[in-house]
Amino acid sequence: MMKRILLSLIMVLAILQGRSEDIQPPSVKAVVVDDKNGETLVGATVVVDGTTQGTTTDLDGVASLNLTPGVYNIRVSYVSYQTVLIQGVTIKNNKTAVLNVRLVPANLKLNEVVVTAKALRNNEAAVLTMQKKSAKLFDALSSDQFGKVGASDAASALKRVTGVTVSGGKYVYVRGLGDRYSKTTLNGSEVPSLDPNKNAVQLDIFPSNLIDNIKVYKTFSPDLQGDFAGGLVDITTNDFPDKFQLKISAGLGYNDQATFNSEFLHAKGSPTDFLGFDNGFRALPAEIAKYNSADFPDPYLNKTAITEVSRAFTNSQFNPGKQAPFFNHDMSFSVGNQVDLFKRPLGFVVGLTYNRSFKFYDNGIENVYEGISQGQQTLNNDILTTSRETKSSNNVLIGALFNSSYKINKYNKIGLSVMGNQDGTSEARYLVGYLLDANPDSSTHVQNRVINYMQRSFVNGQLRGEHLVKGLHNLNIKWMNSFTSSTIDQPDLRMIRNTFIINNQGDSLFYLGNQDRPSRFFRHLSEINENAKVDFTLPLPKDTKLKFGGLFTYKKRVFHESIYQYYIQNSNFDGNVQVFFEDQNLGYVDGVLKNFLMLINIDPNNYDAFERLYASYAMIETSLSENVKLIAGVRFEKTHLHLKAQNDSVGNIQTNDFLPALALIYHINEKTNLRFSATRTLARPSFREFSPLATYDFFGGYIQNGNPKLKRTLINNLDLRWEKYPAPGEYISFSLFYKDFINPIENAQLPRAGGSASQFQYKNVARSSLYGAEVELRKNLGDWFPVLKNFKLSTNFSYVYAYVKVTPEELEAIKAWNSNPKSTRPMYNQAPYSLNAMLTYADDNWESALSFNVSGKRLVVYQIDLPSIYLQPMPDLNFTIKRNISKRFYVRFKATNLLNAAHKEQIDLANRVYYTTKYQNGRTYSFSLTYKIN
């Protein structure tokens with residue numbers, strides 16, 4: 001099988017390579033843009049100096065010439081712009097000379113500008129140029145920056161952006177704001193969340209080697225969707241190259257806590273787990289699936305059926321085994337080219353990636369505390385459970401990309417993109433500790449075991465087009481239609497909890513009762529997202545553009561959850577978990593009912609939901625003077641969110657919102673800008689948040705309530721940024737920002753009755769505010785110290801102060817243990833600061849980077865009956881080094897999480913620390929080999 005795959009791959013590469021050689025590539029490809037704003041110029045003239053041989057640029061600002069080998073001077077001209085003469089362009093056989101030409105608007109005295117040929121490169125300098133010339137305020141990362149820091153996915157790459165923090169390795173928080181205030185798009189199209197409880201997209205599903213660049217928009221403009229306040233993350237996938245390119249890479253990684261560790265927890269899985277999906281091994285048996293909660297067999301009236309369903313699961317493993325894992329390993333492949341189809345250029349790129357990684361720790365801490373009383377200075381007598389945790393995870397991520405574009409003629413092009421990801425994670429947990437809720441000195445031991453498998457799939461298809469209507473003053477029309485299908489499955493999540501004591505003879509006496517029944521969960525979420533938009537741009541005199549357009553988005557989500565529990569009839573449990581699930585202990589045995597399986601009625605937690613969004617906008621960009629540009633406009637969004645649970649509970653939100661935006665850009669000089677913006681945006685609740693549901697979080701041990709009375713949040717934003725671009729690849733900026741939230745949504749604890757589980761509910765608070773500042777520096781150190789000419793320093797720091805007013809009801813509850821409570825608290829999951837620093841070295845053969853990242857403590861659980869829980873800072877230090885060993889081969893070594901900082905969620909009381917969660921994931925060292933043709 002493997003031989004066939006390799007043979008097929010070689011044949012495909014041969015065909016692609018042969019096809020690329022059959023077609024004569026253009027000798028010269030000139031990309032012509034306006035130097036002032038970085039936009040392409042359509043209809044610019046490109047000729048060989050002193051001849052009549054020439055052509056004009058198309059809607060991408062691209063002109064192509066076919067010349068015989070030699071050295072030429074190329075002249076580029078356009079009405080009202082200074083002519084550029086590019087000298088010494090060398091033409092070789094089957095080689096394309098790519099020219100990046102920036103035309104300067106003509107002054108009173110037209111001058112000819114002479115430059116030398118320069119290739120267009122997609123690197124850090126290129127994305128900084130995009131930032132500089134853009135009318136929008138954003139920060140960007142290029143694909144070469146991902147490689148320098150060794151980022152494997154979009155989430156880890158985004159840690160390097162000013163003001164960005166990453167939670168749980170997946171969720172991006174911009175300027176300290178939680179997931180509801182961030183938005184993610186893929187090539188401009190909205191991406192749905194794969195988490196049933198969050199708005200945020202899980203960005204770890206996007207492999208970095210399929211990404212061309214990432215932009216983080218920090219201010220709103222009317223042509224962007226209006227439901228963000230922290231930032232809008234736009235992921236751009238790899239574009240096709242100008243000529244044949246090939247890249248193949250493979251690597252191995254060693255984690256000092258997981259790799260070859262014989263204590264690694266392991267659970268039986270399916271033969272396809274290594275591909276990121278379950279083949280049905282964990283599926284609900286047909287004998288059980290045919291029943292619902294209304295007709296599930298009665299244990300006393302239907303003896304045969306209850307015995308059948310109780311014994312239906314062939315996989316009865318509830319206690320994880322142990323098996324040493326192999327190295328982490330990854331592979332990637334990409335190929336691209338530009339060929340002629342019907343004498344017009346067709347570009348394409350195909351990419352594949354595979355990554356498998358293992359994590360393990362056995363020194364984790366899990367503690368649960370109850371409420372305290374007035375003046376209490378310690379929690380030592382208020383701990384409910386304390387446990388030592390061992391946990392392992394095995395993650396597989398597969399990604400595929402196809403991107404193409406075809407130019408019908410100079411003024412019309414269409415494109416098709418398809419991206420798919422498959423992700424599977426297998427987890428096993430074992431917790432052992434003490435049950436202290438009845439007696440702080442209790443010797444009752446508690447054991448928890450969890451076996452979990454989760455698979456996520458994501459497929460996005462985009463059809464897009466761009467057209468230039470010459471007869472309508474060069475009206476530019478861009479349209480896109482995209483369809484996204486995403487699913488998340490948790491088949492057969494298993495949990496079992498028991499207690500035991502050790503008697504005076506040293507024997508362990510076990511107990512398994514109906515208070516904590518063994519459970520099996522089956523969860524499925526599927527969501528489709530249809531997105532259609534069109535943008536019109538009309539150039540007007542005096543450097544003015546009118547832009548208008550519309551968007552329609554439709555989302556549909558289905559969430560289904562089934563919980564099956566084993567009712568305990570026979571408490572003769574000796575600690576052997578495997579024996580408990582054998583047939584002689586399930587259903588009817590010799591006419592006696594043993595332990596049996598039941599379906600728990602949770603109809604309120606099963607729901608269908610949809611969202612419809614209609615939007616339109618109009619905006620204008622114009623120059624108020626030679627150095628001042630104005631961007632102003634308004635966006636209208638009409639939204640309908642609806643959810644209906646299986647118990648007929650309903651959540652419904654309908655809104656009409658006008659979102660104005662005003663921005664001013666003052667060009668102090670060629671290298672320096674001053675930007676100001678004032679905008680209004682919004683944040684909508686997720687389906688889960690406004691649903692009338694109450695779900696039990698089995699990891700957190702609390703009940704989470706939705707709220708059908710939630711309102712959407714309105715946010716008023718002010719931004720001011722000074723930025724300077726001293727040289728290509730260098731950047732200095734300082735920013736101030738302010739946000740005023742009207743009806744922000746927070747997750748807060750409800751008053752708790754004695755002995756009951758903690759309950760939380762999403763609710764609107766009246767108002768909150770956020771103040772912040774950011775500073776960033778990217779500098780080549782050779783300007784200061786010539787001996788360091790190959791070193792570059794990149795650093796940024798963000799400080800945010802955000803607060804929410806505590807409600808009178810919450811203040812009254814807090815006074816039960818704190819006589820002088822504060823009237824404000826931090827916003828949920830808001831980091832007060834973030835710091836990034838990176839030192840890089842590069843020459844012709846070597847490239848290396850040392851990077852550091854840390855963010856401040858964040859409120860993760862807001863409590864009113866004892867101090868809240870905060871996630872503490874986790875400093876992250878990484879190192880990568882790359883060596884070119886030939887023209888087409890290079891090797892890379894990467895060391896990540898060198899500090900091995902602990903994940904610590906803790907309560908602080910009277911200068912004492914009480915951990916609720918603590919663990920370390922270990923250091924990882926990896927080595928990869930890459931072959932490329934470009």
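1. Buried here means under 20% relative accessible area, exposed means over 50%, and partly exposed lies in between, with a 1.4 Å probe and protein chains only. On that scale aspartate 273, at 15% relative accessibility, counts as buried. The model is predicted: local features need pLDDT of at least 70 and side-chain atom pairs count only at pLDDT 80 or more, while totals for chains, interfaces and linings use all residues. Residues are numbered from 1 along each chain as its sequence is written, and side-chain values use heavy atoms, with hydrogens and water left out.

2. Aspartate 273 meets the side chain of arginine 282 in a salt bridge, at 2.7 Å from N to O. A salt bridge is a side-chain nitrogen of Lys or Arg within 4 Å of a carboxyl oxygen of Asp or Glu. Arginine 282 has 2% relative accessibility and therefore counts as buried. The search of the whole structure finds 37 salt bridges.

3. A further pair joins lysine 555 and glutamate 611, whose side chains meet at 3.5 Å, N to O. Lysine 555 lies in strand 27 and glutamate 611 in strand 31 (residues 607-623), so the pair ties together parts that are 56 residues apart in sequence. Helices (H or I, at least four residues) and strands (E, at least two) are DSSP runs, numbered from the N terminus. Lysine 555 is buried, with a relative accessible area of 11%, and glutamate 611 is buried at 9%. Lys555 and Glu611 also belong to a network of salt bridges that links Lys183, Glu190, Asp227, Arg635, Glu637 and Arg684 with them.

4. Arginine 923 and aspartate 256 form a salt bridge of 3.6 Å, N to O. Arginine 923 is in the loop between strand 51 (912-919) and strand 52 (924-933), and aspartate 256 is in the loop between strand 16 (245-255) and strand 17, so the pair ties together parts that are 667 residues apart in sequence. Arginine 923 is partly exposed, with a relative accessible area of 26%; aspartate 256, at 32%, is likewise counted as partly exposed.

5. Tyrosine 925 lies in strand 52 and is partly exposed, with a relative accessible area of 30%. Leaving aside neighbours within four places in sequence, tyrosine 925 is in contact (heavy atoms within 4.5 Å) with Leu252, Gly253, Tyr254, Phe893, Lys894, Ala895 and Leu898. By C-alpha atoms, tyrosine 925 and arginine 712 are separated by 45 Å, and they are 213 residues apart along the chain.

6. Leucine 275 is placed in the loop between strand 17 (265-266) and helix 5 (286-289). At 31% relative accessibility, leucine 275 counts as partly exposed. With neighbours within four places in sequence set aside, leucine 275 is in contact with Val396, Ile398 and Gln422.

7. Helix 6 (residues 303-310) has Ala305, Ile306, Thr307, Val309 and Ser310 as its buried residues. These buried residues pack against helix 5, strand 27 (544-567), strand 28 (588-589) and strand 30 (596-600).

8. Lysine 92 is found in the loop between strand 6 (84-91) and strand 7 (97-103), and is exposed, with a relative accessible area of 56%.
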